[in-house]
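Keep the structure open while reading.

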Amino acid sequence: MARIANTRKEETHERIVQAAARAIRRHGYGGVGVAEVMKEAGLTHGGFYAHFKSREDLLVEALARAGRDSGAAIARATQARRARGVSAFRAFIDSYLSEAHLGSMDAGCPVAALGSDMARQSGGVREESAHRVERLIAGVRDTLPGATRATATIIAGTLVGSLQLARALGDNAEDRSVLAAARKALIEQHDSAAVDIR
């Protein structure tokens, strides 16, 4: 019976973290309220402290989950492009700067969704924010053998900034042109296998 209770508690905990991961990307750090997250998870506010010591603990877990989930989604999209013979770097760039990623604010990269707010955080949230940035830079380096950290950081900054600008422009041809221009510039500059650039 205790095992069933633990499994239920883990499932409930997971629902809360998933709801918070969506909320943090959709509304930012300040827009994640305990009551709203618990409601979205189908639970009452009172059950929160059975799972977390504080709101900050929830934010840390939600940010980590958001990063893992969006990283997995980008990896799947990258693999699909790789299967069509595209270089690892181009597949990564095309996946990150895709229209699908543009439109998935509450499921996309937390660095793009929260970038300017990350430096304003403290404690564990700040540490996890920095870790998410490091993971993005590492993701770039994984697809571009021999890239220096400085190069990978500049590319990551271009990815995040381009996605943020495109989202700020709204859902129109201009947002998509920002993504297309950034994709073209990055691939032309860094992908030795670049051919047939869009």
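## Overall build

Of the 198 residues in the protein, 41% are buried. The model is predicted, so local features are described only where pLDDT is at least 70. The protein has nine helices and zero strands. Along the sequence the pattern reads α-α-α-α-α-α-α-α-α.

The C-alpha atoms fill a box of roughly 60 × 35 × 30 Å along the principal axes.

## Salt bridges between helices

Side chains of opposite charge can pair when their charged atoms come close. How many salt bridges does the structure hold? The count is 12.

One of them joins the side chains of Glu14 and Arg65, at 2.0 Å from N to O. Glu14 sits in helix 1 (residues 2-27) and Arg65 in helix 3, so this pair ties together parts 51 residues apart in sequence. Are the two partners buried or partly exposed? Glu14 is partly exposed, with 29% relative accessibility. Arg65 is buried, with 14%.

Glu40 and Arg22 form another salt bridge through their side chains, at 2.9 Å from N to O. Here Glu40 belongs to helix 2 (residues 34-40) and Arg22 to helix 1, so the pair ties together parts 18 residues apart in sequence. Glu40 is partly exposed at 37% relative accessibility. Arg22 is partly exposed too, at 29%.

Arg90 forms a salt bridge with Asp94. The closest N and O atoms of Arg90 and Asp94 are 3.3 Å apart. Why are Arg90 and Asp94 separated by about one helical turn? Because they are four residues apart in helix 4 (residues 88-96). Arg90 is buried, with a relative accessible area of 12%. Asp94 is also buried, at 5% relative accessibility.

Some salt bridges share partners. Bridges of this kind join Arg22, Arg26, Glu40 and Asp106 into one network. The Glu40 and Arg22 bridge described above involves two members of that network.

## Aromatic pairs

A search of the whole structure finds three aromatic pairs. In one of them, the ring centres of Phe48 and Tyr49 lie 4.8 Å apart. The planes of these two rings stand at 90°, so the pair is edge-to-face; the cut-off for that class is over 60 degrees.

Which of the two partners is buried, and which is exposed? Phe48 is buried, with a relative accessible area of 0%. Tyr49 counts as exposed, at 54% relative accessibility. Ring pairs also bring in Phe52: Phe48, Tyr49 and Phe52 are linked into a cluster.

## A negative surface patch

Glu56, Asp57, Glu61 and Glu127 form a negative surface patch. Which element gives the largest share of the patch? Helix 3 (residues 55-82) does, with three residues.

Glu56 is a patch member and lies in helix 3. Its relative accessible area is 32%, so Glu56 counts as partly exposed.

Where is Asn172 placed? Asn172 is in the loop between helix 8 (149-169) and helix 9 (173-190). This residue is partly exposed, with a relative accessible area of 27%. Asn172 and Asp142 are 30 residues apart along the chain. Their C-alpha atoms are separated by 32 Å.

Glu188 lies in helix 9. At 48% relative accessibility, Glu188 is partly exposed; the exposed class needs over 50%. Glu188 and Ala156 are 32 residues apart along the chain. The C-alpha atoms of Glu188 and Ala156 are separated by 16 Å.

Terms used:
Residues numbered from 1 in each chain as written. Predicted model: local features only at pLDDT ≥ 70, side-chain atom pairs only at ≥ 80, totals over all residues. Heavy atoms only, no water. Phe/Tyr/Trp six-rings, centres within 6.5 Å; stacked < 30°, edge-to-face > 60°. Buried < 20%, exposed > 50% of the residue type's maximum accessible area, 1.4 Å probe, protein only. Patch = residues over 30% accessible without salt bridge, like charges linked within 9 Å, V, L, I, M, F, W, Y side chains within 5 Å. Areas by Shrake-Rupley, 256 points an atom, 1.4 Å probe, with all protein chains shown as cover. Salt bridge = Lys/Arg side-chain N within 4 Å of Asp/Glu carboxyl O. Lys, Arg positive; Asp, Glu negative; His and termini not counted. Charge placed at Lys NZ, Arg CZ, Asp CG, Glu CD. Helix = DSSP H or I, 4+ residues; strand = E, 2+ residues; numbered from the N terminus.
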